[in-house]
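Try each task before you read its solution.

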Amino acid sequence: MDIETVIERISKEWDIEDGFLGAVRYRDYYPDRLDRLVNVLKETAIQNEIYVERELVRLLWFIPLFLEWQKPSFQESGQDPIILNSAINRVLEELYRILGVP
C-alpha cells in the first residue's frame, strides 16, 4: 500500500464516529476497529525508503502513547484498562516491524 493511502487510512482511525482511536478517546473499545487499524499497519512497509514521510511517523509514534494515556480514563469510567494493553502490544509489534528498533 502506498504511503499516502496508509496516512489517509490511519488518519481515519481518529474519527470519533467510525475510528478506533476516536472511539477510545470517548472510552469506547471496538475490537473490530482495532483489527482494521492493525491490518493497515501490517500492510505498511517502508524498509527500502531512505526518508520516511514525516506525517506517517507522526501518526505512528503517537498511537501507543495515546492508548497508554487513555488507561486512567478507562478505569475512572469503570472499564478495565487492561483491554488497552492488548491494543498497545499489537500496535507496537507492527511499529517495531515498520520503523525498526534502536
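**Exercise 1: One residue and its surroundings**

Task: Find the residues that Val91 touches, leaving aside its neighbours within four places in sequence.

Solution. Start with the contacts. Val91 meets Leu37, Leu41, Ile63, Pro64 and Leu67. Note that this is a predicted model. Val91 sits in helix 6, which covers residues 82–99. Now check its exposure. The cut-off for buried is under 20% relative accessible area. Val91 has 0% relative accessibility, so it counts as buried.

**Exercise 2: Sequence and space**

Task: State how far apart Val91 and Ile7 are, in sequence and in space.

Solution. Count along the chain: 84 residues separate Val91 and Ile7. Then go C-alpha to C-alpha: the distance is 15 Å. Now turn to the whole protein. Take contacts between residues at least 6 apart in sequence. Of these, 61% join residues at least 24 apart.

**Exercise 3: The whole fold**

Task: Describe the secondary structure, then compare the radius of gyration with that of a compact globule.

Solution. List the elements. There are six helices and zero strands. From the N terminus the order is α-α-α-α-α-α. Next, take the radius. A compact globule of 102 residues would come near 13 Å; the protein has 14 Å, which agrees. Finish with burial. Of the 102 residues, 39% count as buried, and Val91 also counts as buried.

Methods: Residues numbered from 1 in each chain as written. Predicted model: local features only at pLDDT ≥ 70, side-chain atom pairs only at ≥ 80, totals over all residues. Heavy atoms only, no water. Helix = DSSP H or I, 4+ residues; strand = E, 2+ residues; numbered from the N terminus. Rg over C-alpha atoms; globule rule 2.2 N^0.38 Å. Buried < 20%, exposed > 50% of the residue type's maximum accessible area, 1.4 Å probe, protein only. Contact = heavy atoms within 4.5 Å.
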